Amino acid sequence: MEVALILLAAGKGTRMQSDLPKVLHTVAQAPLLEHAMASGATLSPSRIVVVAGHGADLVRDAAQDFDEEAQVVVQEEQLGTAHAVAQAREALADFDGTAIVLYGDTPFVQPETLEAMCAALTDSDVVVLGFEAADPGRYGRLVVQGDSLERIVEFKDASDQERDITLCNSGVIACKSDVLFTLIDAVGNDNASGEYYLTDIIGIARARGLKATAVSCDEAETIGVNSRADLAAADAAFQTRTRAAMLENGVTLMAPETVYFARDTYVGRDTVIEPNVVFGPGVTIETGATIRAFSHLEGCHVARGGIIGPYARLRPGTELSEDVRIGNFVEVKNAQIAEGAKINHLSYIGDATIGAKTNIGAGTITCNYDGVMKHHTHIGSNVFIGSNTMLVAPVHIGNGAMTGSGSVITSDVEADALALARAPQVEKPGMARKLFEILKAKKAKQQRGS
Ligand code: UD1
Ligand code: MG
């Protein structure tokens, strides 16, 4: 059965105290919406419809960054969750399959849970994801009889007896798409909030003799984000879970609680991560690498055996082949570096390709930006770049070439050549001593005068 995801993301998130729509606030360096889309993506949906409202253009960009085929529909006024889902009707008019409703502000619903819901749908018309709440608070309550879900009652509308129920509504619903929209047609807004409640479709389905069931998950999967404190707590929960998974998969974390992972960080087994390492989005690290303390990585790939840091910064577009070494205070951006190359100290390498076994001396800079445009530096294999070389791009250094320390290289260097581009040394015998005497005399005169 084909799957369509409907993500509700129109809410403003007043309690975030923010100009940014709530679903664009990030956990583990990815918008909340992306987390929700990523968990739904494991069902290989053929359609994704995001219902946006506040900041719809920004929400559209984020949704399409994650999946360019995602459709975004706008709910102009937030009249309730059923009204929100109804906005997806047109986008799914020609869709015949299972619709799954997810909330954009609920990042951690696990793929297995969604699979269990799809499985339950084979002998049910509507499946709702519930959870046993430690503190049921203001959640909607699931009214279950035997294995049938009879209805969902919102906290505001619930009797005291119903409020005693601890099985709560997560908001995630699976239903055949045409059935879902038919049920939504019958939802009214005669309730304590004056909203069109999606939760009403259960009672309506039962009254029509349809079958509804609840599937349960761990409460941790259903945590929603409503405030900055929730956001921080969600991030902490993500980090705790990810560190444990990394350890489980054979990654050594010397001080797990100090390593910050992004949603999509991939690390191969037998890689060692030292304390205080931060991962931004889009990092993949193969097996047997070492990421030393205080390094910051984003949008990069580190192949087997790489040694990075301490205090290294790898920025987007960095591709390191096997056994590359990037040392302290080295920044690399948009650069492909071949196996065994070394950039060990205090360098900036941007918009460059570097060949195998090349050694880049301390303090080398690729001068890639002329103030208007960026230019490329190509350095061949087995090259030796002397310390403090400025490589003024565009420039090409042939295989096996060398540059003298302190050179400012502005034109291409052919293979096996030595390029020196610095003022020749001048030596004046006895001049230093004379200079000292003059300067000391001057200072003494000044002190007498004051
Ligand atoms: C909802 C459920 C409740 C459940 C709880 C779980 C309903 C009526 N109630 O309540 O049973 O226990 O979630 O967290 O569904 N949204 C829109 N457009 C709207 C209204 C909401 O896009 O017009 C989005 C919000 O941005 C949010 C989600 O839908 O992502 C849920 O809305 P919210 O107002 O938080 O619902 P709750 O009152 O928490
Ligand atoms: Mg809510």
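Predicted model: local features only at pLDDT ≥ 70, side-chain atom pairs only at ≥ 80, totals over all residues.
His 25 itself is found in the loop between β1 (3–9) and β2 (26–27). The residue is buried, because its relative accessible area is 7% and the cut-off for burial is under 20%.

Leaving aside neighbours within four places in sequence, Ala 356 is in contact with Ala 338, Glu 339, Ser 381 and Asn 382. Glu 150 is 206 residues from Ala 356 in sequence. In space, the C-alpha atoms of Ala 356 and Glu 150 are 67 Å apart.

**Helices**

Which residues of helix α4 (residues 111–120) are buried? They are Pro 111, Thr 113, Leu 114, Met 117 and Ala 120. An α-helix has 3.6 residues a turn, so residues three or four places apart point the same way. The buried residues of α4 pack against one helix segment, α1 (32–41). They also pack against the strands β6 (98–103), β7 (126–132), β10 (167–176) and β11 (212–216).

Helix α6 (residues 177–185) meets helix α7 (residues 200–207). Their axes come within 9 Å and cross at roughly 100°. That makes α6 roughly perpendicular to α7, because angles of 65 to 115 degrees fall in that class. On the α6 side, the contact is made by Leu 180, Leu 183 and Ile 184. On the α7 side, Ile 201, Ile 204 and Ala 205 take part. The residues of this contact divide into six nonpolar, no polar and no charged.

**Aromatic rings**

How many aromatic pairs does a search of the whole structure find? The search finds five. Two of them are set out below.

| Pair | Centre to centre | Angle between planes | Geometry |
|---|---|---|---|
| Phe 131 and Tyr 139 | 5.0 Å | 90° | edge-to-face |
| Phe 294 and Tyr 311 | 5.0 Å | 5° | stacked |

Phe 131 is buried, with a relative accessible area of 0%.

Why does the pair of Phe 294 and Tyr 311 count as stacked? Its planes are at 5°, and the class takes planes under 30 degrees apart. Phe 294 lies in the loop between β17 (290–291) and β18 (296–297). Tyr 311 lies in the loop between β20 (307–308) and β21 (312–314). The pair therefore ties together parts that are 17 residues apart in sequence. Phe 294 is partly exposed, with a relative accessible area of 42%. Tyr 311 is partly exposed too, at 40%. Ring pairs also bring in Phe 329, linking Phe 294, Tyr 311 and Phe 329 into a cluster.

**Charges over rings**

Where does the charged end of Arg 163 sit? It sits over the ring of Phe 155, 4.0 Å from the ring centre.

Technical notes. Residues numbered from 1 in each chain as written. Chains lettered and ligands numbered in written order. Heavy atoms only, no water. Axes fitted to C-alpha atoms, helices over the stretch in contact; angles between N-to-C directions. Helix = DSSP H or I, 4+ residues; strand = E, 2+ residues; numbered from the N terminus. Parallel < 35°, antiparallel > 145°, perpendicular 65-115°, else oblique. Contact = heavy atoms within 4.5 Å. Nonpolar A, V, L, I, M, F, W, Y, C, P; charged D, E, K, R; others polar. Phe/Tyr/Trp six-rings, centres within 6.5 Å; stacked < 30°, edge-to-face > 60°. Buried < 20%, exposed > 50% of the residue type's maximum accessible area, 1.4 Å probe, protein only. Lys NZ or Arg CZ within 6 Å of the ring centre and 35° of its normal.
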